[in-house]
Amino acid sequence: MLTDHTTLSQFLIEERRRFPEATGDFSALIIDVGLACKAIARRVANGALGGALGQAGTTNIQGETQQKLDVIANDVFIRANEWGGQLAGMASEEMDMPWAIPPRYPRGKYLLLFDPLDGSSNIDVNAPVGSIFSILRAPNPGVEPRPEDFLQPGVKQVCAGYAIYGPSTMLVLTVGTGVHGFTLDPQLGEFILTHPRIKMPPTTQEFAINASNARFWEPAVKRYVDECLQGQPGPRGKDFNMRWIASLVADCHRILIRGGVFMYPRDTRDPSKPGKLRLMYEANPIALIAEQAGGMAITGQDRILDIKPTKLHQRIALIFGSREEVERIEAYHRDHSGRDFATPKFKPDELFQTAK
């Protein structure tokens, strides 16, 4: 039985016992990911004392200026996970192409995708940042993967999670049996289960959106936000608060714990671009966490987890959070587009069994 002091390792062992045929590679991989997050937490906590603040003088494939900690965190993820023999390959938001496992290490049956430091623009102002990760099965275990091997829809994820580096460091993940949160005990150096079976509140009076883009929003988003801003006298009959941290992990964590809805919608600035956030490194893992916690995640017109990726660094619109609010936003998109669609809920208890 899990106790108040259950470590991440103990939790994963208990999960694996439900599937006696599991080999332990999956659990070992998650432990290595947790180790990377511990190392990054330490570098983030050191701040200016560690000489890691400021820009790195380089850009990533998206043309974004990299912070020093972007580069450091990316290297930490690679070094912590390339050697264990569980991975066939890795892909990072900060790298143009997948990372090939060095020949001196064995190749395994999983693929790891990650955003090593989400919200890194907040580093210099000491605001919360985090890491996001996703685990897939390799189509050809033991073989160096092709870039297209990573292009699997989010429903194929066997694990998704994030670490948030704030007043405390937390690791939040799902292996298909709900969402669980672990707090890093700095004295023990262990992640301890502190938030078992997290459930996102189905209703909310908070929303998160970058209001500076209001002039570019689609009609459905404008309608939703306008109704929220009208408050108690308006059609919603209640007051709303707006929260925007500009760190996906931080906004996600708040919504997961106390409810809310996050919107980074498609806009009209460039109709050829369907959104800003990365499908593989951000939207898919956050969508799986949201659904496993009882929430929803859509583009506005489609369920995030059903989208078949076409490229490694594909961008997409992302709306997720409390189910009743996301359903309302989905209905508004349907009203304005004329399309008839439905978002099925993810089936629980499937992922860990397929991850053995």
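I started at Ala 246, which I found in the loop between β12 and α5. My helices (H or I, at least four residues) and strands (E, at least two) are DSSP runs, numbered from the N terminus. I'm working on a predicted model, where local features need pLDDT of at least 70 and side-chain atom pairs count only at pLDDT 80 or more, while totals for chains, interfaces and linings use all residues. Residues are numbered from 1 along each chain as its sequence is written, and side-chain values use heavy atoms, with hydrogens and water left out.

Ala 246 isn't a glycine, yet I read a positive phi of about 65° for it. Its relative accessible area is 40%, so I put it down as partly exposed. My classes are buried for under 20% relative accessible area, exposed for over 50%, and partly exposed in between (1.4 Å probe, protein chains only).

Asn 126 is another non-glycine with positive phi, near 60°. I located it in the loop between β5 and β6 (129-137), and with 74% relative accessibility it counts as exposed.

**The annotated binding site**

I looked up UniProt next: an unreviewed entry has a "binding site" annotation on Glu 93, Asp 115 and Leu 117. The three are spread over 25 residues of sequence but cluster in space, with a largest C-alpha distance of 9.3 Å.

Glu 93 sits in the loop between β3 (87-92) and β4 (99-100) and is buried, at 4% relative accessibility. Leu 117 belongs to strand β5 (residues 110-118) and is buried too, at 2%. I listed the contacts of Leu 117 beyond four places in sequence; among them are Ile 40, Val 44, Leu 69, Asp 70 and Tyr 165. By contact I mean heavy atoms within 4.5 Å.

**β8 and Thr 174**

How many residues of β8 are buried? Six of the six are, so the strand is largely enclosed by the rest of the structure. Thr 169, Leu 171 and Leu 173 point one way, and Met 170, Val 172 and Thr 174 point the other.

I count two strands as paired if DSSP finds at least two bridges between them. On the other pairing I checked, β9 (residues 179-185) is antiparallel to β8 with five bridges. The β8-β9 hairpin has four residues between the strands, and there Gly 176 takes a positive phi near 95°.

Thr 174 is in β8 and stands opposite Val 179 in β9. Its relative accessibility is 0%, hence buried. A polar atom of its side chain lies 3.1 Å from the backbone nitrogen of Gly 176, and a polar atom of that side chain lies 2.8 Å from the backbone oxygen of Gly 178. Beyond four places in sequence, Thr 174 also touches residues including Val 158, Cys 159, Leu 288 and Gln 292.

**The five-stranded sheet**

I traced an open sheet with mixed pairing, in the order β12-β11-β13-β17-β15. Which strands are at the edges? They are β12 (241-242) and β15 (296-298), each pairing on one side only. β15 pairs antiparallel with β17 (residues 318-321) over three bridges, and Ala 297 has Phe 320 of β17 as its bridge partner. Helix α6 (residues 279-292) packs on the sheet, touching β15 and β17, at about 150° to the direction of β15. Helix α5 (residues 248-258) lies across β11 (206-209), β13 (261-264) and β17, at about 30° to β17. For these angles, axes are lines fitted to C-alpha atoms, for helices over the stretch in contact, and values run from 0 to 180 degrees between N-to-C directions.

**Helix α7**

I tested the length of α7 (residues 323-337): its 15 residues at 1.5 Å each should span 21 Å, and the end C-alpha atoms are 21 Å apart, which agrees. The expected span is 1.5 Å times one less than the number of residues. Its buried residues include Arg 323, Val 326, Ile 329 and His 333, and the buried set packs against α4 (219-230), β13, β15 and β17.

Definitions and conventions: UniProt positions are given in the numbering used here, feature names are shortened, and annotations may be inferred rather than shown by experiment. A polar contact is a pair of N or O atoms within 3.5 Å; within protein, one must be able to donate a hydrogen and the other to accept it, and residues adjacent in sequence count only if both atoms are side-chain atoms.
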